[in-house]
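Work through the exercises below with the model open beside you. Try each task before you read its solution.

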Amino acid sequence: LAVGVVMAIYQLLLSDMIDLLWTTAALQLLTPAWAVLLVPPILLCLAALLMRELPHGHMPLFIRMVTAGEHVDVWRGLVGTVCVSILAIASGGSAGPEGPVLAIGAALSLAIHQVALRKRLHPHEVGAGQGKCGAESDTRPDEGPAMDGSVQTAALLGGCCALAATLDNPVTGCVMGMELPHLYGSVKRGSVFASALLASCVSFAAHRSMMQPFAIEGVPMLPPTACTLAHLPLALPIGLFAGALAYAFVRAKEVLEALPYSTVPRALVLGFIVGFIALVLPETLMWGEHRLGILASEYDETDGQALLALISPGYSASLGLAKLAATVLTIAAGYPGGFVYALVFVGYMLGPMSWQLAVQVLPALTALDDMTHVEFIGPPSPRGITAEITAQALGSALLAGVLRAPLGGALLIGGCGGASSLMYALLILANFVSMHVNPRSPARVPDD
């Protein structure tokens, strides 16, 4: 309940900050050009400097410390992550809230855990907890309890609740949180799945009840698909392509992060490039969630055509590649934020061109678009049946290849598009192929 309420407040603060800096409309950038070039480097630089001064506000560092069983200041972690993430996300860079909320939800859950533990134990007993190796801890009473298995479980529950509220789906948020490697020992704690799912449902309900009063937008809705058995073999080439993109993404991130530059020059230079990309292609601004919803479900006011129908496959592919570059640059600039919807946006925009290339190589594939005997729940995609299937599957597989979350990626895309059982099967198959093609994790350590 507490995590769901805090997530709504966090999203409200973030949207207010973005409204102060940016004014955007569908397919048209209304912010002055100088702001597009200068706001990303300045705010990304401030976020990187703030992370250096407030280590507990460094989201990956906070997660690693909790997972390793080290002592953390949960209140500083909560406040620091909120401040750093709002600055970085509002910069216009391609980083979203899906990553920071994992630390925010965990910090809030740990704070509640500490309060509950202090009420059960006497003050002198709280500081005498056992460390992760069983040795006596020298923690003072005001530092809170030592990090043990129960504390990591509390952090995992908080992270799942935060994802459930942010992704507006309790099952997707819980499954993705349990799948993510190196997240508070997630996949090693399968016994807490039932508790995590129940807590995620409560967090989702609390957050959903506050969406309308706070004017919080919902997740993007994608056009419906009509996947058949004949489409299932597409999972292999889609997974292979997505896995190659995932490998390139992780490898480019590692190369840029290894550059021998200090915090300020790195953030300013890479942030300026992010701003330049946004100046040329305004659709790459922000983390892609709301832009994806606009492109996928809204219509042009002049002729009533769907916006997807106005975007050629070539321009769509250029948006996808530019978004991929902007995401890598934003992360390498010093802010390791969330990139769930950014990767989905990349795959979704690359889908139509990928399908066109496949048809040129194998013209017989055009038979897959024959849907005369298939009924749709809603209007079909203006880009074509199989092109839409390819786009959604590519977004899901790219996400799974990078984050190592095949089931969470399938549930996310399937929930946005009202997928059928066959579409879920295609998504899961493509996701696992992508994961096997890209063995590299953004955490630079083997999956747990």
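The exercises go from the whole chain to single residues.

**Conventions**

This is a predicted model, in which local features need pLDDT of at least 70, side-chain atom pairs count only at pLDDT 80 or more, and totals for chains, interfaces and linings use all residues. Residues are numbered from 1 along each chain as its sequence is written, and side-chain values use heavy atoms, with hydrogens and water left out.

**Exercise 1. Describe the protein chain as a whole.**

Step 1. Start with secondary structure. The protein chain has 18 helices and two strands. Both are DSSP runs, numbered from the N terminus: helices are H or I with at least four residues, strands are E with at least two.

Step 2. Turn to burial. Buried means under 20% relative accessible area, exposed over 50%, and partly exposed in between (1.4 Å probe, protein chains only). Of the 448 residues, 56% count as buried.

Step 3. Take the surface. Accessible areas come from the Shrake-Rupley method with a 1.4 Å probe; for residues, only the protein chains shown count as cover. The accessible surface of the protein chain is about 18400 Å². Carbon and sulfur atoms hold 67% of that surface.

Step 4. Check the contacts (heavy atoms within 4.5 Å). Among contacts with a separation of 6 or more, 80% join residues 24 or more positions apart.

**Exercise 2. Characterise the packing of H10 against H14.**

Step 1. Get the geometry. Axes are lines fitted to C-alpha atoms, for helices over the stretch in contact, and angles run from 0 to 180 degrees between N-to-C directions. The axes of H10 (residues 235-257) and H14 (residues 313-332) come within 9 Å and cross at roughly 35°.

Step 2. Name the residues in contact. H10 supplies Leu245, Phe249, Ala252, Lys253, Leu256 and Glu257. H14 supplies Leu324, Thr327, Val328, Leu329, Ile331 and Ala332.

Step 3. Sort them by class. Ala, Val, Leu, Ile, Met, Phe, Trp, Tyr, Cys and Pro count as nonpolar, Asp, Glu, Lys and Arg as charged, and the others, Gly among them, as polar. The contact of H10 with H14 has nine nonpolar, one polar and two charged residues.

**Exercise 3. Why is helix H8 largely enclosed by the rest of the structure?**

Step 1. Count. Nine of the ten residues of H8 (residues 170-179) are buried, so the helix is largely enclosed.

Step 2. Name the buried residues. They are Pro170, Thr172, Gly173, Cys174, Val175, Met176, Gly177, Met178 and Glu179.

Step 3. Find their partners. The buried residues of H8 pack against H7 (149-166), H9 (193-211), H16 (385-403) and H17 (406-417).

Step 4. Ser200 lies in H9 and is buried, at 0% relative accessibility. Beyond four places in sequence, Ser200 touches Cys160, Cys161, Ala164, Pro170 and Cys174. Ser200 and Cys160 are 40 residues apart in sequence, yet their C-alpha atoms are 6.2 Å apart.

**Exercise 4. Are the positive-phi residues Asp168 and Ala215 buried or exposed?**

Step 1. Take Asp168. Its phi is near 60°. Asp168 sits in the loop between H7 and H8 and is buried, with a relative accessible area of 14%.

Step 2. Take Ala215. Its phi is about 55°. Ala215 sits in the loop between H9 and H10 and is exposed, at 64%.
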